[in-house]
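Reader: Can you walk me through this one? I'd like to start with the charged pairs, then the packing.

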Amino acid sequence: MKLLAPDATFDDVSPADKASFWRTDRHESLECLTATFRTHVFPPHTHESYVIGTVVGGKNVYRISGTLVRAGPGELCFVNPGEVHDAVPEDDGYSYRMIYPKVSLLQSIVEQSTGRRANAPVFRTPVIPDPHLWRRFVK
């Protein structure tokens, strides 16, 4: 299985696809991606970090741990570290915004929120419909 860093996956992007990757100076150098993929296909792969984000246009079709998922606007997407997933554009493709927080960052947030030691969270579902939170994420 291929382990991908978000910035290591765009060597073969066609002119129809666009991607912008950056790291912030805070939140443990949080990695961020905004992209439009009309033809780019991600083969099955994993990440060391979480993947959290949303589709802002079109539909992102992906298989995660053997389950086929279609995510669109108004939904939040979650991939746990080490979870095998791929991605394929459907119809005219999709545009999305993703962040790749380190395990230690989310564990720290859980501990600060609860006031006690905790393990890093595990997201039990890959897509959650929540238009309100979706709007806050895309701002």
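Predicted model: local features only at pLDDT ≥ 70, side-chain atom pairs only at ≥ 80, totals over all residues.

Reader: What does the Arg 23 side chain meet in a salt bridge?

Author: Glu 31. The N to O distance is 3.0 Å.

Reader: Is Glu 31 buried or exposed?

Author: Buried. Its relative accessible area is 14%, and buried means under 20%.

Reader: How many salt bridges does the structure hold?

Author: Three. Another joins the side chains of Glu 90 and Arg 70, at 2.8 Å, N to O. That pair links distant parts of the chain: Glu 90 sits in strand 8 and Arg 70 in strand 6, 20 residues apart.

Reader: And how accessible is Glu 90?

Author: Partly exposed, at 21%. Arg 70 is partly exposed too, at 45%.

Reader: Which side chain does Arg 117 pair with?

Author: Glu 111, at 3.6 Å, N to O. Arg 117 is exposed, with 71% relative accessible area.

Reader: Switching to packing. Which residues touch the most other members of the largest nonpolar core?

Author: Tyr 62, Tyr 94, Tyr 96 and Met 98, out of 18 residues in that core. Strands 3, 5, 6, 7 and 8 each supply at least two residues.

Reader: Which strand gives the most?

Author: Strand 8, with five residues.

Reader: What does Tyr 94 touch, beyond four places away in sequence?

Author: Its contacts include Phe 37, Phe 42, Val 55, Lys 59 and Pro 89. Apart from that core lies another, of five residues, among them Ile 52, Leu 76, Phe 78 and Leu 106.

Definitions and conventions. Residues numbered from 1 in each chain as written. Heavy atoms only, no water. Core = buried A, V, L, I, M, F, W, Y, C linked by side-chain atoms within 4.5 Å. Buried < 20%, exposed > 50% of the residue type's maximum accessible area, 1.4 Å probe, protein only. Helix = DSSP H or I, 4+ residues; strand = E, 2+ residues; numbered from the N terminus. Contact = heavy atoms within 4.5 Å. Salt bridge = Lys/Arg side-chain N within 4 Å of Asp/Glu carboxyl O.
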